[in-house]
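Subject: Structure handover, with notes on its spaces and cores

Hello,

Here is the structure to look through. My notes on its pockets, cavities and nonpolar cores follow.

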Amino acid sequence: AAYAAESGFSITENGILCEYTGHTTKVVLPSEVTEVQVGAFSTDYSQTNANITDVEVESGNENYTSIGGVLYTSDKKTLVYCPPANARTSYTVPEGVTTIGSSAFQKCKKLRHVTVPQSVTEIGSYAFYKSGITSAVIPSGITEIKEMAYAACDNLTEVTLPDSVTSLAQYAFCSDKDLAKISIPKSVTNIGEDAIYGGDPIIYGDFGSAAETYASKNGILFQASGADPVV
């Protein structure tokens, strides 16, 4: 569409936004967008996408809404995209949100703290990839930590997983930096390849658990609940 090309929005006939290549730091999502594809604002399409600070939504769009420059579905159940160049260092996801979309906080390097409400039951792949978060507190409705969800978070030092989690996908917490402490409950029975990788982490968990098996197989220090601390 001429409109699409002109303003940097590549939108299909049925309203799917495939990629954004505009040059504005405040993006206004057109009213005809019915779906924002995962990664539509990726820096792979345009380096200037790293400088986006806010996304607003043109009135008349029935599918999306903006809350403080962060893009949500209009029912406010899914957080779709948090712009990477926004200046805020902490963010509270509103109560009632059930899904943090794939790549939602990707490359939000200024963010140190994201408060995720208990209403969230799904955190997408790459959700916090390369973000600046220092800790990950995961709500008790999450069953799987998806692929690369918390990968390459250079400031992430502590993670506590709730008993609802049964699976860690590959590269979930993969990083070059030091994830000092990760607590894995015995509910976790499946840990993917390099799910916890990099630095010198200590895995806290139960004897006989998948966490202990993973630690010994990968040469990671393991601290059992109630046992004497690892020196």
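**Pockets**

Lining the second largest pocket are Lys 109, Arg 112, Lys 130, Ser 131, Gly 132, Ala 152, Asp 154, Asn 155, Cys 174, Ser 175 and Asp 176. This is a predicted model, in which local features need pLDDT of at least 70 and side-chain atom pairs count only at pLDDT 80 or more, while totals for chains, interfaces and linings use all residues. Residues are numbered from 1 along each chain as its sequence is written, and side-chain values use heavy atoms, with hydrogens and water left out.

On a 1 Å grid over the protein atoms alone, a pocket is an open set of points with protein on both sides within 12 Å along at least five of seven lines, a cavity is a set where a 1.4 Å probe fits but cannot get out, and lining residues have an atom within 4 Å of a point. Points are joined across faces, edges and corners, and a volume is the space filled by probe spheres set on them.

The second largest pocket has a volume of about 170 Å³. Its lining has five charged, four polar and two nonpolar residues (nonpolar: Ala, Val, Leu, Ile, Met, Phe, Trp, Tyr, Cys and Pro; charged: Asp, Glu, Lys and Arg; polar: the others, Gly among them).

For the largest pocket the volume is about 420 Å³. It is lined by 25 residues, with Gly 39, Ser 42, Tyr 81, Ser 103 and Gln 106 nearest its centre. By class, they are eleven nonpolar, twelve polar and two charged.

**Cavities**

There are three cavities of 30 Å³ or more. The largest holds about 50 Å³ and is lined by Val 114, Val 116, Phe 128, Ile 133, Ser 135, Ala 136, Val 137 and Tyr 150. Seven of these lining residues are nonpolar, one is polar and none is charged. The second largest cavity holds about 40 Å³; its lining has five nonpolar, one polar and two charged residues.

**Cores**

A nonpolar core is a set of buried Ala, Val, Leu, Ile, Met, Phe, Trp, Tyr and Cys residues joined through side-chain atoms within 4.5 Å, where buried means under 20% relative accessible area (1.4 Å probe, protein chains only). The largest has 47 residues, and Phe 105, Phe 128, Ile 145, Tyr 150, Leu 168 and Phe 173 have the most contacts inside it. Beyond four places away in sequence, Phe 128 touches residues including Phe 105, Val 114, Ile 133 and Tyr 150 (contact: heavy atoms within 4.5 Å). Another core, of 17 residues, lies apart and includes Val 27, Val 33, Val 36 and Val 57.

Regards

How values were computed:
Buried < 20%, exposed > 50% of the residue type's maximum accessible area, 1.4 Å probe, protein only.
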